[in-house]
Amino acid sequence: MSLSKFYKKSIKERRLIIQSLKDIPLSEMNLLNHESYIPNDKLDLMIENVLGYYPLPFGIATHFNVNKKEYLIPMVIEEPSVVAAASKSAKIAKIHGGFSSGPIQPLMIGQIQICNIDSKEERNEIFEYIHKNKDNLICFLNKQDPVLIEHNGGVKDIQIREITNNDQLFIILHVIVDVRDAMGANIINTMVERLADKLRPEIPGRINLRIISNLAIHRVAKSRAIFDKDALGGKEIVKNILDAYFFALNDPFRAATHNKGIMNGIDAVAIATGNDFRALEAGAHAFASFSGQYLPLTRYFLHPEGHLIGEIELPLAMGTIGGMISKHPGAQLSLKIMDINSAEELCQVTAAVGLAQNLAALRALADEGIQKGHMKLHKRI
Ligand code: NAD
């Protein structure tokens, strides 16, 4: 059977085609049908070749207190024990006041790659042009998105970097944009494309890529909490957790799994709120290796009274508007449940979730092992 013009078919027609092609009972194909959730005409515009929905469990983590505000945390995830573990850590953190998360500037980076720079003179010409015209270029770009400007966002800077591939020089422009409550990829991509069009006739070289960087080093979220030693299980568990952290600090094989535990929580919140979890994953792991060595995204220290201090630091490009956030009823419901008023607040809470998730995994590993609790939950199904 031909799948030609498959994308032009209706959702129902596509399901019928796949059903007959693969000889699947209609009742099974109809598992994908949840038209009452998002009408088919809207669903069909979200991605290509849509057949329907693939539901995942939606749970709520409890006990989160972040910057003195109580939160319920919606989590969409298929892995058992993640929601329970986050709630348990949050309850322990609450004993000493919960999580403190710092302010976050919603600054994202758009990159423009300039290739075919044939001489030192051409290189200098590009540098000179950008330095001389920076203010005008920023002004030009800020006229492109009046809504963003109304919300006090917009382009803040244009920076120049140089990188080489063997003997080939690339000049890389970084356009720094305050994207306010958006994740920012569409904002950034539009801006760098417009800037590239404006630059092309003015500078030597060939402009190649124009795209957001997911290594959002200017949008780093930080959160901190004190975890009570007795609630953790005593002095020995605290020591075991610290040793587990030192393991991750010095071994990328362990650090990868350490960070996976963090992303269990962060991705679950990202999916629940309609955010781009692939962008967060890319940013987190690039940030983890920014020093040249892949490191854990959390740190742990001993408190003078024997408690455990935990800190997390990672880029979080999350929005409360834009992308599918405004269109997806589940994402809107999540933001209501969280009672979130800005992208900054969402990132502050999500960072706390990442820290809680990591502490829970370390506590389980340093005590009974991960399998006892994990498998107990697995076996319930
Ligand atoms: P968007 O373009 O849908 O929305 C942003 C727009 O909303 C702004 O341009 C502004 O005009 C308007 N707006 C209204 N109120 C605002 C406020 N308070 N703050 C900021 N803007 C406000 O969304 P986006 O965040 O630019 O793009 C996100 C989407 O881009 C995601 O779906 C993501 O998956 C996708 N994407 C990601 C990548 C990547 O990460 N590499 C690449 C391409 C696309």
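**Figure 1. Residues around the ligand in the predicted model.** The ligand is surrounded by 21 residues, a residue being counted as near if one of its heavy atoms lies within 4 Å of the molecule. The closest are Asp-145, Gly-184, Asn-214, Asp-276 and Gly-323. This is a predicted model, in which local features need pLDDT of at least 70 and side-chain atom pairs count only at pLDDT 80 or more, while totals for chains, interfaces and linings use all residues. Residues are numbered from 1 along each chain as its sequence is written, and side-chain values use heavy atoms, with hydrogens and water left out.

Figure 2. In the side chain of Asp-145, an N or O atom is 2.5 Å from an oxygen atom of the ligand. Asp-276 places a polar side-chain atom 2.7 Å from a ligand oxygen atom. Gly-184 instead uses a backbone N or O atom, 2.7 Å from an oxygen atom of the ligand. On its own the ligand has 880 Å² of accessible area, of which the protein covers 73% (Shrake-Rupley method, 1.4 Å probe).

**Figure 3. Make-up of the shell.** The shell residues divide into 10 nonpolar, 7 polar and 4 charged; here Asp, Glu, Lys and Arg count as charged, and Gly is among the polar residues. Helices α6 (146-150) and α7 (185-199) each supply at least two shell residues, where a helix is a DSSP run (H or I) of at least four residues. The most is given by α7, with 4 residues.

**Figure 4. Domains and the ligand.** The protein is divided into domain 1 (7-46), domain 2 (58-104 + 220-378) and domain 3 (107-213), with bounds from an automatic or database domain assignment. Domain 2 and domain 3 each contribute at least three residues to the shell around the ligand. The centres of domain 1 and domain 3, taken over C-alpha atoms, are 42 Å apart.

Conventions. A polar contact is a pair of N or O atoms within 3.5 Å; within protein, one must be able to donate a hydrogen and the other to accept it, and residues adjacent in sequence count only if both atoms are side-chain atoms.
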